Amino acid sequence: MIEIYVSTYERYVIGYRLADHGSKLNQILERDPNAIESKRKLDLLFRIHSAVTSLRCSANNSKVLACGSADEAIYLFDLLERRELGAARFHSATVTCLDFFKHKLMLSGASDGGLCIWDAVSNNFALIKQFRVKHAFSSISVEPSLGKVALTTDAGGYLKVWDLESCVLAYSLRVAWKPHTVLWMNESSKREATENVFLLLGDSILDVRKLSNGRSVAIFELQNLGTLTCAKFVNRDSVVVSTASGHLVLACLNDGKSIELRNAHSSRIKGLAVVKNAPESESEFVVVSASSDGYVKAWALNTESENIGLEFFGSD
């Protein structure tokens with residue numbers, strides 16, 4: 001069972017479920033001519049009206065959903081009991097990005113350059129450390145295996161490396177094309193003993209790099225598609241990217257090719273998620289996209305198919 005969580009500018013936190021999706025998804029992945037009958041709406045799990053002003057970002061660790069708000073607070077929700085836990089307050093500006101390291105740490109960045117590290121072991125979310133930099137944070141990503149390093153991007157075009165064991169800024173690099181998103185490759189996508197790999201996303205550039213030497217594994221210049229907005233690793237060989245014009249792009253890291261799904265949405269795509277169809281699956285995925293006009297859509301993806309691409313699966 002796949003659950004999807006959405007936070008909105010209208011202060012709502014919404015949960016959906018792809019219930020009993022397996023057989024329907026398999027029909028689509030196998031190009032079953034009757035698969036159109038299987039496409040369905042996402043089931044609404046809950047809808048909570050929260051926060052004083054708009055919600056700007058969210059992250060979860062499967063137990064707690066955190067939503068950053070323009071009112072400087074981080075609103076916390078218990079995903080198992082479907083209830084509000086309260087709010088973590090220490091920022092003095094809009095909370096712009098969030099990430100968890102399992103059930104141990106939560107990191108948050110704000111538009112005034114404030115960065116906070118929180119203790120996520122209990123539901124108290126006590127503040128461990130705060131930093132201040134010159135520029136507004138645009139994204140944050142914690143290394144998923146050991147949680148010892150975090151990466152951030154900011155409005156000044158800087159990629160920063162944070163040592164979470166010592167709670168210090170370890171390294172800062174200015175990138176000329178000003179990436180707005182950084183993301184580690186998730187654990188399930190890695191080969192055994194592979195180097196740590198992360199992606200940087202700018203307005204028209206996707207750059208996948210190694211942490212050890214900072215060198216690029218693959219670079220994609222995606223022109224004439226509109227501003228690139230979000231990116232997620234599908235597996236070790238591919239990344240899905242969204243655009244402000246409503247397009248989705250599957251970037252293949254091995255051969256440098258990209259596959260476009262134009263007009264997946266009719267407006268700006270604001271959020272992306274990728275999950276496996278089943279825990280043991282290595283080639284079948286569900287890609288979820290959410291756009292600024294309020295639509296949430298699910299897409300089936302089989303990376304071993306001869307005609308690889310995103311197939312519409314369902315929407316809210």
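1. Lys 297 has Ser 315 as its bridge partner in strand 28. This is a predicted model. Strand 27 and strand 28 (residues 310-315) are paired through five bridges, in the antiparallel sense.

2. Now turn to strand 26. Strand 26 (residues 284-291) runs antiparallel to strand 27, and seven bridges join the two. Within this pairing, Val 288 has Ala 298 of strand 27 as its bridge partner. The hairpin of strand 26 and strand 27 has four residues between the strands. Look there for Gly 294, which takes a positive phi near 95 degrees.

3. How many residues of strand 27 are buried? Seven of seven: strand 27 (residues 296-302) is mostly covered. In a regular strand, side chains alternate between the two faces of the sheet. Both faces of strand 27 are covered. On one side, Val 296, Ala 298, Ala 300 and Asn 302 are buried. On the other, Lys 297, Trp 299 and Leu 301 are buried. Note that Lys 297, buried here, is the residue whose bridge partner is Ser 315.

4. Next, the aromatic rings. A search of the whole structure gives six aromatic pairs. One of them joins Phe 100 and Phe 125, with 6.4 Å centre to centre and 75 degrees between the planes. That pair is edge-to-face, because planes over 60 degrees apart count as such. Phe 100 lies in strand 9 (residues 95-101). Phe 125 lies in the loop between strand 11 (114-119) and strand 12 (127-132). The pair therefore ties together parts that are 25 residues apart in sequence. Both Phe 100 and Phe 125 are buried.

5. A further aromatic pair is formed by Phe 137 and Trp 162. What is the angle between the planes of Phe 137 and Trp 162? It is 55 degrees, with 6.5 Å centre to centre, and the pair is tilted. Phe 137 belongs to strand 13 (residues 137-142) and Trp 162 to strand 15 (residues 158-163). The pair links distant parts of the chain, 25 residues apart. Phe 137 has a relative accessible area of 3%, so Phe 137 is buried. Trp 162 is at 3% relative accessibility and so counts as buried. Ring pairs also bring in Phe 131: Phe 131, Phe 137 and Trp 162 are linked into a cluster.

6. The charged end of Arg 56 sits over the ring of Tyr 9, 5.2 Å from the ring's centre. Arg 174 lies over the face of Tyr 158, at 6.0 Å from the ring centre.

How values were computed. Residues numbered from 1 in each chain as written. Predicted model: local features only at pLDDT ≥ 70, side-chain atom pairs only at ≥ 80, totals over all residues. Heavy atoms only, no water. Phe/Tyr/Trp six-rings, centres within 6.5 Å; stacked < 30°, edge-to-face > 60°. Buried < 20%, exposed > 50% of the residue type's maximum accessible area, 1.4 Å probe, protein only. Lys NZ or Arg CZ within 6 Å of the ring centre and 35° of its normal. Pairing = 2+ DSSP bridges.
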